[in-house]
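Subject: Handing over a structure

Hello,

Here is the structure I promised to pass on to you. Have a look at it first, and then read on for what turned up.

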Amino acid sequence: MTQIKNLDWENLDFAYQSTDYSYVSNWSDGAWDAGCLTSEHTITLSECAGIYQYCQECFEGLKAYATADGGIVCFRPELNAVRMSASATRLEMPPFPEKRFVSAVEQVIDANACWVPPYGSGATLYVRPFMIATGEVLGVAPASAYQFRILVTPVGPYFKGGIRPIRLTVSPYDRAAPHGTGNIKAGLNYGMSIKATMDAHRAGFDENLYLDAQSRTYVEETGGANVLFVTADGALVAPQSPTDSILHSITRRSLVQVAQDLGMPVIERPVSWHEVAEGGFAECGLCGTAAVISPVAEIHNGDIVVVFPQGHDEMGPVMGRLRETLTGIQEGALEDVHGWVHTI
Ligand code: PLP
Ligand code: COI
């Protein structure tokens, strides 16, 4: 039996603290080395490393959970492996082999078992695989060396105050260029969103909702989660991007399946801001690894305020049912008919 750490699990923020081990593997001369666990949590690099100069970096995010029967699981890590390969390829980085990715996730979670928050605490072990260009570059070019690393850290809810309906504002900034990098998980998409996020916070909002950069007509997503809507007659609507600039959320893909399994109609299509502003939806929520499902109470766009009739004071019925079902599957309380849960 692992003796778990004595932390205030119920009150953890979504913040980093170092744990016992990270996983590290280095690439040079066309190959990844064998990789290993490390207790060194600092990276020392040349000042001219590609990561510092041109942000050649991509990352992933998934969570490990304790189950009621004392086991540890994570959720669909093979999809994170595939998405990270796609991100790396888009950035001219060498993909980390997908089978090795899953094995590295298993090793690093297992080695940090005492940091996995207890079942029912509301906290989870966040797993952050990432890859950086460690080789030196001066001209804009791919580096000659890379590091793949996985850090893990125990976290609480992404939005302060836990699961509560949040307030979004339509950002005057764009998140992703049409046919740009919005559909990959690259640090550069997040670095440029920090000012937009802080502006939203300073104006009293929890997050930004971004519109498509090409026409500023369609709803895309928020800075760190996809968005979902529910129509008055109970259909789940998941926005699609005409310019493929939304990150393909694993949580969303899973929720679409869960909704179908529950017999709900599901429609994946472009959603215009006009439709949202006209009151076309009864419920709205954000979904992602960090956000899980966070209900959205209101979306502001200048003087226009869209208030969702369901889910304003507490989570609406459809988002609530989806959240309960997904977290039930993830934590082992509900049957995992699709084989999504990965035992460590
Ligand atoms: N959209 C963005 C921009 C994200 O950063 C994330 C988080 O990973 C998501 C969506 C949700 O994706 P996933 O459900 O795979 O975590
Ligand atoms: C995640 O949900 O795992 C993410 O990477 C989002 C990030 C902005 C914290």
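This is a predicted model: local features need pLDDT of at least 70, side-chain atom pairs count only at pLDDT 80 or more; totals for chains, interfaces and linings use all residues.

Val 292 has another feature to look at. Its place is in strand 16, which covers residues 292-301, and its phi is near 50°, a positive value in a residue other than glycine. Most residues other than glycine have a negative phi. Arg 76 also has a positive phi, near 45°, and is not a glycine either. You will find Arg 76 in the loop between strand 6 (72-75) and helix 2. Is Arg 76 buried or partly exposed? With 19 other C-beta atoms within 10 Å, Arg 76 is partly exposed, because a buried residue needs 20 or more.

Now for the whole chain. The protein chain holds eight helices and 18 strands. Its radius of gyration is 20 Å, close to the 20 Å that the globule rule gives for 344 residues, so the chain is as compact as a globular protein of that length. The C-alpha trace spans about 55 × 50 × 35 Å along its principal axes. Of the 344 residues, 43% are buried. If you take the contacts between residues at least 6 apart in sequence, 72% of them join residues at least 24 apart.

The protein chain is divided into two parts: domain 1 (22-155) and domain 2 (166-331). Their C-alpha centres lie 26 Å apart. Where the two domains meet, 21 residues of domain 1 are in contact with 14 residues of domain 2. On the domain 1 side, strand 4 (57-59), strand 5 (62-66) and helix 2 each supply at least two of the residues that touch domain 2. Which element gives the largest share of that side? The answer is helix 2, with six residues. By class, this side of domain 1 has eleven nonpolar, four polar and six charged residues.

Next, the ligands. Around ligand 1 you will find Gly 61, Glu 221, Gly 224, Ala 225, Asn 226, Leu 247, Ser 249, Ile 250, Thr 251, Arg 252, Gly 288 and Thr 289. That shell divides into three nonpolar, seven polar and two charged residues.

Which helix gives the most to the shell around ligand 1? Helix 6 (residues 250-261) does, with three residues. Helix 6 has twelve residues and reaches 17 Å from its first C-alpha to its last, close to the 16 Å expected at 1.5 Å a residue. Its buried residues are Ile 250, Thr 251, Arg 252, Ser 254, Leu 255, Val 256, Val 258 and Ala 259. The cover over them includes helix 2 (77-90), strand 12 (226-230), strand 13 (236-239), strand 14 (266-269), strand 15 (283-288) and helix 8 (317-330). After helix 6 comes Gly 263, with a positive phi near 85°.

Ala 186 is buried, with 23 other C-beta atoms within 10 Å. Leaving aside neighbours within four places in sequence, Ala 186 is in contact with Glu 57, Cys 58, Ser 87, Leu 91 and Thr 181. From Ala 186 to Leu 45 it is 141 residues in sequence and 20 Å in space, C-alpha to C-alpha.

The other stop is Ser 85, which sits in helix 2. Ser 85 is partly exposed, with 18 other C-beta atoms within 10 Å. Beyond its neighbours within four places in sequence, Ser 85 is in contact with Pro 95 and Glu 98. Ser 85 and Ser 215 are 130 residues apart in sequence, and their C-alpha atoms are 30 Å apart in space.

Definitions and conventions
Residues are numbered from 1 along each chain as its sequence is written. Chains are lettered from A and ligands numbered from 1 in the order in which they are written. Helices (H or I, at least four residues) and strands (E, at least two) are DSSP runs, numbered from the N terminus. The radius of gyration is taken over C-alpha atoms; the globule rule is 2.2 Å times the number of residues to the power 0.38. A residue is buried if 20 or more other C-beta atoms lie within 10 Å of its own, exposed if 12 or fewer, and partly exposed in between; C-beta atoms are placed from the backbone. Two residues are in contact if their C-beta atoms, placed from the backbone, lie within 7 Å. A residue is near a molecule or strand if its C-beta atom, placed from the backbone, lies within 6 Å of it. Ala, Val, Leu, Ile, Met, Phe, Trp, Tyr, Cys and Pro count as nonpolar, Asp, Glu, Lys and Arg as charged, and the others, Gly among them, as polar. The expected span of a helix is 1.5 Å times one less than its number of residues. Domain bounds come from an automatic or database domain assignment.
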